[in-house]
Amino acid sequence: GKLSAALASIEELTAENNRLRSALGFKDTYKVSMQGASVVYYGSELGKEYLLIDRGVDANIQKGSVVVDANGLLVGTVVDAQNSFAKVGIAANIQEVFDVELLPSGVKAFAKGLGNRAFSIELLPQNATVRSGDYVMMKTAQSSFLLGEVVRVETSGTGTFKEVRAVLASHPDMEREVFIILNK
């Protein structure tokens, strides 16, 4: 009993350590100034998912700040910031819109949140090459972060426009720590 409990806590510490290490390496990789925060609560109201985090205005967190996880996956944006906590709206929520670039093609478009962790990729050029499995990158002034992955591409009967769907890459309900990109 004691041994397995000790092993379990070692595993837990190792996992924690690896998370922090990847997070720190991640800070170096992205060369942006960010603030780490713990996720206090994951919830959903009126069909919109959100996280409550334990950092707020006191830590320079502002409404509109981009929030990513330890792997650099986009989680969402700060929708409300109080002194010591903030609320993060998940990127795929309805009414969220991001400037994106699809990789590998480099095509620029918009990702519009549909709810349920899904996006519609809008305003694609007619001749754009888009395939299932393409990456949807959200660009900020300093960096770009993985928003999602294309899961469906349908061309209309006339062939003039494509209906493209993508899914959120991050798992908001699983996040324990997130990083807020501080607006310079």
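## Pairing around strand 11

Strand 8 (residues 118-122) pairs with strand 11 (residues 162-168) in the antiparallel sense, over four bridges. Strands here are DSSP runs of E of at least two residues and helices are runs of H or I of at least four, both numbered from the N terminus; two strands pair if DSSP finds at least two bridges between them. Within strand 11, valine 164 stands opposite isoleucine 121.

Strand 11 also pairs with strand 10 (residues 144-155), again in the antiparallel sense, over seven bridges. Here valine 167 of strand 11 stands opposite glutamate 149.

## Basis of the model

The model is predicted: local features need pLDDT of at least 70, side-chain atom pairs count only at pLDDT 80 or more, and totals for chains, interfaces and linings use all residues. Residues are numbered from 1 along each chain as its sequence is written, and side-chain values use heavy atoms, with hydrogens and water left out.

## Overall architecture

The protein chain contains one helix and 12 strands. Read from the N terminus, the order of elements is α-β-β-β-β-β-β-β-β-β-β-β-β.

Of the 184 residues in the protein chain, 42% are buried; buried denotes under 20% relative accessible area, exposed over 50%, and partly exposed the range in between (1.4 Å probe, protein chains only). A contact requires heavy atoms within 4.5 Å. Among contacts between residues at least 6 apart in sequence, 51% join residues at least 24 apart. The protein chain exposes about 10100 Å², of which carbon and sulfur atoms supply 53%; accessible areas come from the Shrake-Rupley method with a 1.4 Å probe, and for residues only the protein chains shown count as cover.

A nonpolar surface patch is formed by Leu3, Leu7 and Ile10, with about 310 Å² of accessible area together. Patches consist of residues with over 30% relative accessible area and no salt bridge, like charges being joined within 9 Å and nonpolar side chains (Val, Leu, Ile, Met, Phe, Trp, Tyr) within 5 Å. Isoleucine 10 is located in helix 1 (residues 2-30). Its relative accessible area is 49%, so isoleucine 10 is partly exposed.

Strand 3 runs antiparallel to strand 4 (residues 74-81), to which three bridges join it. These two strands form a hairpin with four residues between them, and glycine 72 in the turn has a positive phi of about 85 degrees. Three bridges also join strand 3 to strand 12 (residues 177-181), and this pair runs antiparallel. Valine 67 stands opposite glycine 76 in strand 4, and its bridge partner in strand 12 is isoleucine 180.

Glutamate 101 lies in strand 6 (residues 97-103) and counts as buried because its relative accessibility is 14%. Its side chain makes a polar contact of 3.1 Å with that of lysine 139; such a contact is a pair of N or O atoms within 3.5 Å, where within protein one must be able to donate a hydrogen and the other to accept it, and residues adjacent in sequence count only if both atoms are side-chain atoms. The side chains of glutamate 101 and lysine 108 meet in a salt bridge (3.9 Å, N to O). Lysine 108 counts as exposed, at 53% relative accessibility.

Methionine 137 is placed in strand 9 (residues 135-139) and is buried, with a relative accessible area of 14%. Leaving aside neighbours within four places in sequence, the contacts of methionine 137 include Glu101, Leu103, Phe145 and Leu147.

## Salt bridges

The structure holds nine salt bridges, each a side-chain nitrogen of Lys or Arg within 4 Å of a carboxyl oxygen of Asp or Glu. A network of them links Arg152, Glu154, Glu163 and Arg165. Between glutamate 154 and arginine 152, the closest N and O atoms are 2.8 Å apart. Glutamate 163 and arginine 152 meet through their side chains at 3.0 Å, N to O. This pair links distant parts of the chain, with glutamate 163 in strand 11 and arginine 152 in strand 10, 11 residues apart.

Glutamate 154 counts as partly exposed at 40% relative accessibility, as does arginine 152 at 35%. Glutamate 163 is also partly exposed, with a relative accessible area of 28%.
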